[in-house]
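Subject: Structure handover

Hi,

Here is the structure I promised to pass on.

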Amino acid sequence: MARYAYFESKFVPIEEAKISIMTHAFNYGTGAFEGIRAYWNEQEKQLYIFRLPEHYDRLHQSCRILKIDLKHTTEELCDITRELLRKEGYKEDTYIRPVAYKATEGIGVRLHDLEDGFCIFAIAFGRYIEKEEGARAAVSSWRRVDDNAAPARAKITGIYVNSALSKTEVVERGYDEAIVLTQDGHVSEGSAENIFLVRDGVLITPAPFENILEGITRRTIIELAREELGIDTIERQIDRSELYIADEVFFCGTGVQVAAVIEIDGRPVGTGKIGPICERLRRLYFGIARGKVEKYKHWCMPVY
Ligand code: PMP
């Protein structure tokens, strides 16, 4: 399969999409990015990109925060992405990575007076965490970046040092995924995914002021729970110890999709198996993302 990237305003073979070691974003983490999934629908022989305009709207927001001039509209970005996937010819689940970044080559930490670059590449992609039906998690000793230190609601490349520290700490201790607390010790999110608890039949998730990334999957889950399961979501502060007494806990995000957490800090969550609400949401999510549910097909953008 011929591999391409969108780079410096054109489609080029992936080997030609290279940046200098002097690039500002490489040295200082001054890039904004997205992670997007496309799902292959075998019956229709169609590749559907899930909630693509929403991802590019968020990229625009990240770019505003980082003073990056993203020259394309959301609509143009959707067209470029579809064209890239068509050129590469994917007939399987795919992950799409657009990056808008400070492209100037040289020294000097700042956001102003720099050139902006933009690229997109895609890769074939399966699971992000293997144990989606039952992940073991631990609370990381690293705290989530604070909005006034590095804006958590922007998907900024440099901020992922925070995610990497948390993830590796718990994986090296034998767990599958990290749960990260805010500076004042309340639950924020996973290392690269949002988190939901189920208590007494209601969903609870940290509010945006808890330094979460405002996830598109999170928004999807809140809507599906209300519309399809008749379950409300409360956005509020969550104590660490609530993790230990919740009936169910699950992560959600583009990469992780919807993943049950069955153990936290050596304590079983609920029964220690995937819970009924998580199971129903997973089934709904995968059907919808793959373009199999008419009611939600407007979330799925066809590539071919
Ligand atoms: N939080 C962080 C830190 C993330 O990296 C992600 C993945 N983009 C999420 C949450 C989930 O966001 P989304 O559902 O938009 O992928």
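Predicted model: local features only at pLDDT ≥ 70, side-chain atom pairs only at ≥ 80, totals over all residues.

**Ligand site**

The ligand is surrounded by 15 residues. Arg58, Tyr160, Ile216, Thr217 and Thr254 are the closest of them. By class, the shell splits into six polar, five charged and four nonpolar residues.

Thr217 puts a polar side-chain atom 2.6 Å from an oxygen atom of the ligand. Lys155 has a side-chain N or O atom 2.8 Å from a ligand nitrogen. For Glu189, a polar side-chain atom lies 3.0 Å from a nitrogen atom of the ligand. How much of the ligand's accessible area does the protein cover? On its own the ligand has 390 Å², and the protein covers 97% of that.

**Surface patch**

Ile19, Ile21, Met22 and Phe26 make up a nonpolar patch on the surface. Together they have about 470 Å² of accessible area. Met22 sits in the loop between strand 2 (10-13) and helix 1 (24-28). Its relative accessibility is 45%, so Met22 counts as partly exposed.

**Ser188**

Ser188 belongs to strand 10, which covers residues 187-190. Is Ser188 buried or exposed? Ser188 is buried, because its relative accessible area is 1%.

**Salt bridges**

The count is 26 salt bridges.

*Glu44 and Lys297.* Their side chains meet in a salt bridge, with an N to O distance of 2.7 Å. Glu44 is in the loop between strand 4 (36-41) and strand 5 (46-50), and Lys297 is in the loop between helix 7 (276-289) and strand 17 (300-302), so the pair ties together parts that are 253 residues apart in sequence. Glu44 is partly exposed, with a relative accessible area of 37%. Lys297 is buried, at 18%.

*Arg290 and Asp93.* The side chains of Arg290 and Asp93 form a salt bridge at 2.9 Å, N to O. Why does this pair tie together parts that are 197 residues apart in sequence? Because Arg290 lies in the loop between helix 7 and strand 17, while Asp93 lies in the loop between helix 3 (74-88) and strand 6 (94-102). Arg290 counts as partly exposed, with 21% relative accessibility.

*Lys102 and Asp116.* In this salt bridge the closest N and O atoms are 3.0 Å apart. Lys102 is in strand 6 and Asp116 is in strand 7 (residues 116-124). The two residues are 14 apart, and the pair links distant parts of the chain. Lys102 has 1% relative accessibility, so Lys102 counts as buried. Asp116 is at 22% and counts as partly exposed.

*The network.* Which residues are linked in a network of salt bridges? They are Arg127, Glu132, Glu133 and Arg282.

**Where to look**

For the salt bridges, begin with Glu44 and Lys297.

Best regards

Definitions and conventions. Residues numbered from 1 in each chain as written. Heavy atoms only, no water. Near = heavy atom within 4 Å. Polar contact = N/O pair within 3.5 Å; in protein donor to acceptor, adjacent residues only side chain to side chain. Areas by Shrake-Rupley, 256 points an atom, 1.4 Å probe, with all protein chains shown as cover. Nonpolar A, V, L, I, M, F, W, Y, C, P; charged D, E, K, R; others polar. Patch = residues over 30% accessible without salt bridge, like charges linked within 9 Å, V, L, I, M, F, W, Y side chains within 5 Å. Salt bridge = Lys/Arg side-chain N within 4 Å of Asp/Glu carboxyl O. Helix = DSSP H or I, 4+ residues; strand = E, 2+ residues; numbered from the N terminus. Buried < 20%, exposed > 50% of the residue type's maximum accessible area, 1.4 Å probe, protein only.
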